[in-house]
Amino acid sequence: HRSSVPVAIHLDHGASYEQVLTAIQAGFTSVMIDGSMLPFDENVAITKKVVDAAHVVGVSVEGELGTIGKTDDEAEDGTATIIYTDPEDAVRFVESTGVDSLAIAIGTCHGIYPASMKPELKLDLLQEIKKKVTLPLVLHGGSNNPDGEIGESVKLGVNKINISSDIKVAYHNKMREILADPGVREPNTIQPPSIAAMKVVAAHKIELFAAANTVELY
Ligand SMILES: [Zn+2]
């Protein structure tokens, strides 16, 4: 309520119809239903059920097709092997569910990539999907990917990027640095610089995602 810009409150990875309804009742302005681990037809069915309910009350719905990988136990859920989104399936999914945005799998993982793992986005697959569907595309697991690759995915048509690890890492790294001094104890000494470090990363991401000043479009 105190924000100077419009705020969307989005339910990430909604797990069930019931959970989504609870979120809508609590005031969320958009929801995701993540049926990506289900067989295609079941994913369509649960997503359509959520869309039918959410649209009645003006709430937008994000669906997911294909699976996001997972890097370590700290990260949000994901699969060991990524199942890339099939462009033809994407067309069928969008048509049969009526979703407002679609999370696609083109090679990202939730969390921070271990040294042994080199993320590589299939940008050609992104282009193929973008040619076939007209709704906004979402990229989950956008932390820790090279800026060049992420910037390119934005140019090629990714409209929303989910990141959290990069921001949390900035916050906690700064906090570790401050706490290395054993004399420190006051939250006011610890928190403000950690939050400032987090803001630097957030500002960089907003630029990278070509999302600066989009408030003017609201
Ligand atoms: Zn996610």
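Predicted model: local features only at pLDDT ≥ 70, side-chain atom pairs only at ≥ 80, totals over all residues.

Colleague: Where does Ala170 lie?

Modeller: Ala170 is part of helix H6, residues 165-179.

Colleague: What makes Ala170 count as buried or exposed?

Modeller: Its relative accessible area. The value for Ala170 is 15%. Buried means under 20%. So Ala170 is buried.

Colleague: How far apart are Ala170 and Ala197, in sequence and in space?

Modeller: They are 27 residues apart in sequence. From C-alpha to C-alpha, Ala170 and Ala197 are 5.9 Å apart.

Colleague: On to helix H2. How do its first and last C-alpha compare with the expected reach?

Modeller: H2 runs over residues 40-56 and has 17 residues. At 1.5 Å a residue, 24 Å is expected. The helix reaches 25 Å, which is close to that.

Colleague: Which residues of H2 are buried?

Modeller: Phe40, Asn43, Val44, Thr47, Val50, Val51 and Ala54. They cover an arc of only 140° around the axis, so they sit on the same side of H2.

Colleague: What is exposed on the other side of H2?

Modeller: Asp41 and Val56.

Colleague: Now helix H4. Why are its buried residues said to line one face?

Modeller: Helix H4 covers residues 123-132, and its buried residues are Leu123, Leu125, Leu126 and Ile129. Looking down the axis of H4, they fall within an arc of 150°, so they line one face of the helix. The face turned away from them carries Asp124 and Lys131, which are exposed.

Colleague: What do the buried residues of H4 pack against?

Modeller: H3, strand S5 (101-104), strand S7 (137-139), helix H5 (147-156) and S8.

Colleague: What is the volume of the largest pocket, and how many residues line it?

Modeller: The volume is about 1400 Å³. The lining has 34 residues, and Ala8, Asn159, Lys160, Ala211 and Thr214 lie nearest the centre.

Colleague: Which elements supply at least two residues of that lining?

Modeller: Strand S1 (10-14), S2, S3, strand S8 (158-161) and helix H7 (187-208) each do. S8 gives the largest share, four residues.

Colleague: How does the lining of the largest pocket divide by residue type?

Modeller: There are 20 nonpolar, nine polar and five charged residues.

Colleague: What is noted about the phi of Ala210?

Modeller: Ala210 is not a glycine, yet its phi is positive, about 55°. Ala210 lies in the segment after H7.

Colleague: How do you know whether Ala210 is buried or exposed?

Modeller: Exposed means over 50%. Ala210 has 56% relative accessibility, so it counts as exposed.

Colleague: What about Asn213: where is its place, and what is its phi?

Modeller: Asn213 is also in the segment after H7. Its phi is positive, near 60°, in a residue other than glycine. Against the cut-off of over 50%, the 56% relative accessibility of Asn213 makes it exposed.

Notes:
Residues numbered from 1 in each chain as written. Heavy atoms only, no water. Expected span 1.5 Å × (residues − 1). Buried < 20%, exposed > 50% of the residue type's maximum accessible area, 1.4 Å probe, protein only. Arc of directions from axis to C-beta. 1 Å grid on protein atoms, 1.4 Å probe; cavity = no way out; pocket = protein on both sides within 12 Å on 5 of 7 lines; lining within 4 Å. Points joined across faces, edges and corners; volume = space filled by probe spheres on them. Nonpolar A, V, L, I, M, F, W, Y, C, P; charged D, E, K, R; others polar. Contact = heavy atoms within 4.5 Å.
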